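Keep the picture in view as you read.

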Protein chains: 2
Amino acid sequence: MQKVNVAKKILSANEEYAFKNILFLAEHKILCLNMISSPGSGKTTILTRTINELKDKIKIGVIEGDIQTDIDAEKIRATKAPAVQINTGGTCHLSAAQVNRALENLPVNELDLIFIENVGNLVCPSAFELGEAGKIVVLSVAEGDDKPAKYPAIFAKSKVLLINKIDLLSAGAQVDFDIKRVKTDARKLNKAVEIFPISAKTGEGLTSWYDWLIKSVEKNSV
Amino acid sequence: MQKVNVAKKILSANEEYAFKNILFLAEHKILCLNMISSPGSGKTTILTRTINELKDKIKIGVIEGDIQTDIDAEKIRATKAPAVQINTGGTCHLSAAQVNRALENLPVNELDLIFIENVGNLVCPSAFELGEAGKIVVLSVAEGDDKPAKYPAIFAKSKVLLINKIDLLSAGAQVDFDIKRVKTDARKLNKAVEIFPISAKTGEGLTSWYDWLIKSVEKNSV
């Protein structure tokens with residue numbers, strides 16, 4: 001019982017900060033999206049390409065969550081977008097308090113959209129609300145098509161599922177991945193989820209993702 | 001402070017069970033390896049191929065950890081090896097207590113080697129000792145070559161690093177992955193780590209992994 005109570009206390013302290021973040025973001029009319037996936041699904045590559053290709057339409061900032069290193073924040077900064085790195089030092093998810101401090105270090109008056117790139121982990125980050133308008137889950141085809149069934153929480157909670165690295169499905173590559181199965185399993189958990197099969201490398205499928213982003217920023221909700 | 005104390009209590013309760021598991025495994029002369037990776041790195045495929053190809057040399061059993069579903073245990077059972085499924089119901093790692101119960105449900109008198117396939121997560125499982133002789137970390141080339149730098153704990157603690165899906169590096173596939181960088185970064189964290197680049201799909205590189213396994217089972221240590 002003690003474990004449960006402590007877990008509840010940690011979660012509710014997190015919710016207080018998440019609520020502060022919601023108010024702060026509303027005040028500054030910024031849409032905030034929390035991007036979650038396994039390590040190596042392509043979150044940073046999706047973000048750098050999205051920032052570059054929407055440069056003239058949306059002002060984007062990024063909060064980068066990593067256990068260690070600022071490799072990803074450096075990649076974001078190379079696009080000239082502002083990025084704040086949070087190193088969790090071993091912790092498996094970002095907390096709303098960490099995001100709260102990071103928001104103070106972004107030029108919020110110049111931004112339309114903030115992406116939070118969470119720590120690479122398909123499990124823990126789904127339990128921690130950060131004050132975002134919505135979650136984006138990324139699944140690379142190299143990870144296999146059984147992931148919505150095996151890791152249901154994040155697929156149930158996300159507004160968008162980006163199925164990335166679809167270039168690996170082309171003839172010659174040895175990846176077995178049934179996009180139909182993923183769509184069916186994800187929609188069983190979450191009827192309203194938007195699903196965009198993309199390749200952040202080749203650019204395939206990105207137009208629909210960009211259209212969704214532009215529309216969401218315009219109405220400032222998802 | 002309270003959070004820290006509770007975390008310590010949870011970890012030390014885990015260690016008690018881990019110690020029980022060490023004694024139990026020693027008594028039954030079974031080598032136990034704890035396999036850890038991101039979701040979709042290929043743990044189950046490596047295990048099914050390894051079980052099939054070493055059938056006449058080593059008797060292998062598997063403890064399967066998943067958030068939900070018994071998809072992986074079913075794949076293991078199809079090889080005729082005994083498998084016990086643990087569903088964590090949302091928790092991001094296996095605990096030593098769960099492994100303790102699973103060991104009771106395996107035909108331990110017939111086994112030389114037990115693999116624990118942990119929940120797909122490159123972060124949390126590294127903090128929980130299960131009583132294993134060693135950890136095996138799997139990294140698929142599709143995940144990128146920056147992972148030892150970004151998720152150092154598990155690379156620092158593992159006896160073996162399996163770099164899987166090297167078939168995706170062949171001409172035609174769009175995967176950038178510098179095996180040398182991964183080897184250098186992993187060895188900076190862990191001088192003694194054994195590194196085997198493999199493809200569980202094509203079979204490339206598996207002989208060295210099998211030789212290491214056979215040798216480790218013979219001496220009952222890693």
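How many salt bridges does the rule find across the interface of chain B and chain A? The count is 8. Keep in mind that this is a predicted model.

## Where the chains meet

One of the salt bridges joins A:D176 and B:K201, whose closest N and O atoms are 2.8 Å apart. The interface of chain B and chain A also has 9 residue pairs in polar contact, with both residues at pLDDT 80 or more.

On chain B, three helices each supply at least two residues of the side that touches chain A: helix 1 (2-27), helix 3 (71-77) and helix 5 (147-150). Helix 1 of chain B gives the most to that side, with 4 residues. Sorted by class, the side of chain B that touches chain A has 16 nonpolar, 10 polar and 13 charged residues.

## How much surface is buried

The size of an interface is often given as the accessible area lost when the parts come together. Here, chain B and chain A bury about 3100 Å² between them, and 59% of that is on carbon and sulfur atoms. The contact takes 39 residues from chain A and 39 residues from chain B.

## A space inside

Rolling a probe the size of a water molecule over the atoms shows where empty space is left. This structure holds 1 cavity of 30 Å³ or more. The largest cavity has a volume of about 50 Å³.

Which residues line the largest cavity? From chain A they are A:P39, A:G40, A:S41, A:S140, A:A142 and A:E143, and from chain B they are B:P39, B:G40, B:S140, B:A142 and B:E143. By class, this lining has 4 nonpolar, 5 polar and 2 charged residues.

Definitions and conventions. Residues numbered from 1 in each chain as written. Chains lettered and ligands numbered in written order. Predicted model: local features only at pLDDT ≥ 70, side-chain atom pairs only at ≥ 80, totals over all residues. Heavy atoms only, no water. 1 Å grid on protein atoms, 1.4 Å probe; cavity = no way out; pocket = protein on both sides within 12 Å on 5 of 7 lines; lining within 4 Å. Points joined across faces, edges and corners; volume = space filled by probe spheres on them. Nonpolar A, V, L, I, M, F, W, Y, C, P; charged D, E, K, R; others polar. Contact = heavy atoms within 4.5 Å. Buried area = accessible area lost by both parts, 1.4 Å probe. Salt bridge = Lys/Arg side-chain N within 4 Å of Asp/Glu carboxyl O. Polar contact = N/O pair within 3.5 Å; in protein donor to acceptor, adjacent residues only side chain to side chain.
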